[in-house]
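Here is a short tour of a structure, written with the modelling details kept in view. Please have the sequence and the coordinates open as you read.

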Amino acid sequence: MTDTANRPRRRAVAAALASLTAAALLAGCGSSGDPADPLEPAAVPEGKVVVGSNNFPESILLAYLYGEALRSKGLDVTYKHNIGSRETTYGMLKNGTVTVMPEYNGALLAYLDPKAVAKTAEGTTAAVTAQLPSHLAVLKSASAENKDAVAVNAATAEKYDLTTASSIADLADAAPELVIGGSPEFQSRQQGLVGLKEVYGLNFKSFKGLDAGGALTIAALKKNNIQAADVFTTDPSIEKEKFVVLKDTKNLFAFENVTPLIRKADVPKAGQDVLNTLSAALDTPELMELDAQVQYEHKDALAVARAWLTSKNLL
């Protein structure tokens, strides 16, 4: 979740690049009132709800979940997909171009207050609320999280008796024999090798710079070129490749619960209620399964969203 979303995370380099992109966009647009400028005020017609998404598959899927749930309550819903950086999406929510966005509470908090530190998921969402302007609000966060995690491949898990019940701390004895992979910045980040050493006492054999939980990292972990990696918790590769995600019992990595961000006046109570019900029903394993249907089985994201909503009696 960057920020393209926030992942996405969510990652210092990605956020910096996004900031540069947004700055360039604003500099180029100036104050001309160019209607193509996404950050210029552009009021949505009364009664219409515009659900936005960032430019990665999970965000688009979440937008469809939100939008179709809102549509079931009689709201006039349209979509604005693949928007891009959080700087842009947040600006579009503030000016009324977009009404609803799927967000990640930790990434949003880091954007609004980079110095904030939250100890719980609820505290993270509360801290976000404290930073929002009065016309915006976050609704109930889902238990579903797309956050950083340390995973090992199946061979490593078997060799060192690691299971899904194991903690990152259980990797301490094995770490000196293992190569860990992730984005280059993971090597110098507190929510990375620095924190893994300080918080969990892990000293790895070496680090291999790859990408932020992407195809390079997944391929290297699968091929055993690395034995541990920074992955995202809803990545369908975890199930497909039998990776074992270790529990972050000391909360080194930020909470990243899926959370609706809305313009309060433009989403009526019935709409807010259905989004809260949706969040209560969405957990990480289910989101991972939905992601797998879209990303591996190549199913239509809208169809996947509607089928899940139907299964939860939300359509």
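Predicted model: local features only at pLDDT ≥ 70, side-chain atom pairs only at ≥ 80, totals over all residues.

## Surface and overall make-up

The chain has an accessible surface of about 13,600 Å², and 53% of this belongs to carbon and sulfur atoms. Accessible areas come from the Shrake-Rupley method with a 1.4 Å probe, and for residues only the protein chains shown count as cover. Of the 315 residues in the chain, 53% are buried; buried means under 20% relative accessible area, exposed over 50%, and partly exposed in between. The secondary structure comes to twelve helices and ten strands, where helices (H or I, at least four residues) and strands (E, at least two) are DSSP runs numbered from the N terminus.

Residues are numbered from 1 along each chain as its sequence is written, and side-chain values use heavy atoms, leaving out hydrogens and water.

## Two nonpolar cores

A nonpolar core here is a set of buried Ala, Val, Leu, Ile, Met, Phe, Trp, Tyr and Cys residues joined through side-chain atoms within 4.5 Å. The largest one has 37 residues, and Leu70, Val100, Leu278 and Leu282 have the most contacts inside it. Among the elements that each supply at least two residues of this core are strand E1 (48–52), helix H2 (57–71), strand E3 (100–104) and helix H10 (269–281). The largest share, nine residues, comes from H2.

Leaving aside neighbours within four places in sequence, Leu278 is in contact (heavy atoms within 4.5 Å) with Leu65, Tyr66, Ala69, Trp308, Leu309 and Leu314. Apart from this core lies another, of 22 residues, among them Ala175, Leu193, Leu196 and Leu246. Helix H7 (residues 190–200) has Gly192, Leu193, Gly195, Leu196 and Tyr200 buried, with a cover that includes strand E5 (148–152), strand E6 (179–182) and strand E7 (206–209). Just after H7, Gly201 takes a positive phi of about 70 degrees.

## A parallel pair and its crossover

E1 and strand E2 (residues 76–80) pair in the parallel sense over five bridges; two strands pair if DSSP finds at least two bridges between them. The chain runs from E1 through H2 to E2 in a right-handed β-α-β crossover, a label that applies if, with the strands pointing away from the viewer, the path from the first strand over the helix to the second runs clockwise.

## Aromatic pairs

The structure holds four aromatic pairs. Rings of Phe, Tyr and Trp (its six-membered ring) pair if their centres lie within 6.5 Å; planes under 30 degrees apart count as stacked, over 60 as edge-to-face and the rest as tilted. Tyr64 and Tyr79 form an edge-to-face pair, because their ring centres are 4.8 Å apart and their planes stand at 65 degrees. Tyr64 is in helix H2 and Tyr79 in strand E2, 15 residues apart. Tyr64 is buried, with a relative accessible area of 16%, whereas Tyr79 counts as partly exposed at 24%.

Phe186 and Phe253 form a stacked pair, 6.5 Å centre to centre with 15 degrees between the planes. Both residues are buried.

## Two residues around H5

Lys119, in the loop between helix H4 (105–112) and H5, is exposed, with a relative accessible area of 66%.

Note on methods
Buried < 20%, exposed > 50% of the residue type's maximum accessible area, 1.4 Å probe, protein only.
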